[in-house]
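Open the model in your viewer and keep the selection tool at hand. The stops below say what to pick and what is there.

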Amino acid sequence: RKGHSLIGFVAKKTGTKLYDEAAKTLHDFSGEETIYYSEIAAPAGTPAWARDREKLWNSISSGSKRSHYIEAGLPPGLTLRDQINLLAGFIAVYFHPGGFIVDCSVQGAFGHAPHCHFVFPETILTPQGAWAEEPQKDLRPRLRGWRDQWQNSCESYLHTFGMTHYF
């Protein structure tokens, strides 16, 4: 959103400390106790610099690239390791084939259902490590599809534990 820092948003959603180069501001959410896990999940061949959260998001922010955000519930009763495995599997199937880098995190707090955050740029990196000139086409329908597929992925994952449904 206009007037809001993408870097600050990502720092909050991932429970990290990030410096916004353009605004010359430090966004410190590293003390956020409800973030249990965060990772940049990148497709094979992604350059090392794009796996560094501060470099990645400053690059996106400075290039006026757009980003997208999805928040999704996690099935209750899973261990953190199971939640991470569920996220990794979903990202590998739905985001990585399209070349998307995803900054994801797991969050939960006493009295609140566990959930995850997916933040990702609309534009992909070329094999040379530069941002593609054009954003991904038909992203809106894909976003809706990913939301639907999240439920299916959760239910599939729960079946491995003998549970019958999530929602």
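Select Lys24, in the loop between β1 (17-20) and β2 (25-28). Strands here are DSSP runs of E, at least two residues, and helices are runs of H or I, at least four residues, both numbered from the N terminus. Check the backbone: Lys24 has a positive phi of about 55° although it is not a glycine. The residue is exposed, at 64% relative accessible area. Exposed means over 50%, buried under 20%, and partly exposed in between (1.4 Å probe, protein chains only).

A word on the source: this is a predicted model, in which local features need pLDDT of at least 70 and side-chain atom pairs count only at pLDDT 80 or more, while totals for chains, interfaces and linings use all residues. Residues are numbered from 1 along each chain as its sequence is written, and side-chain values use heavy atoms, with hydrogens and water left out.

Next, select residues 6-14 and 53-62, helices α1 and α2. Their axes come within 9 Å and cross at roughly 145°. Axes are lines fitted to C-alpha atoms, for helices over the stretch in contact, with angles from 0 to 180 degrees between N-to-C directions. Now show the side chains. α1 contributes Leu6, Ile7, Val10 and Thr14 to the contact, and α2 contributes Arg53, Trp57, Asn58, Ile60 and Ser61. Contact means heavy atoms within 4.5 Å.

Move to the sheet. Four strands form an open sheet in the order β3-β5-β6-β4, with antiparallel pairing. Two strands pair if DSSP finds at least two bridges between them. Colour β3 (35-41) and β4 (67-73): these are the edge strands, each pairing on one side only. From one strand to the next, the twist averages 15°.

Zoom in on β4 and β6 (residues 115-121), which pair in the antiparallel sense over seven bridges. Pick His68 and find its bridge partner in β6, Phe120.

From Cys116, the nearest is that of Cys154, at 7.3 Å. Cys104 counts as buried at 2% relative accessibility. Cys116 is buried too, with a relative accessible area of 0%.

Note on methods. A disulfide is a pair of cysteine sulfur atoms within 2.5 Å.
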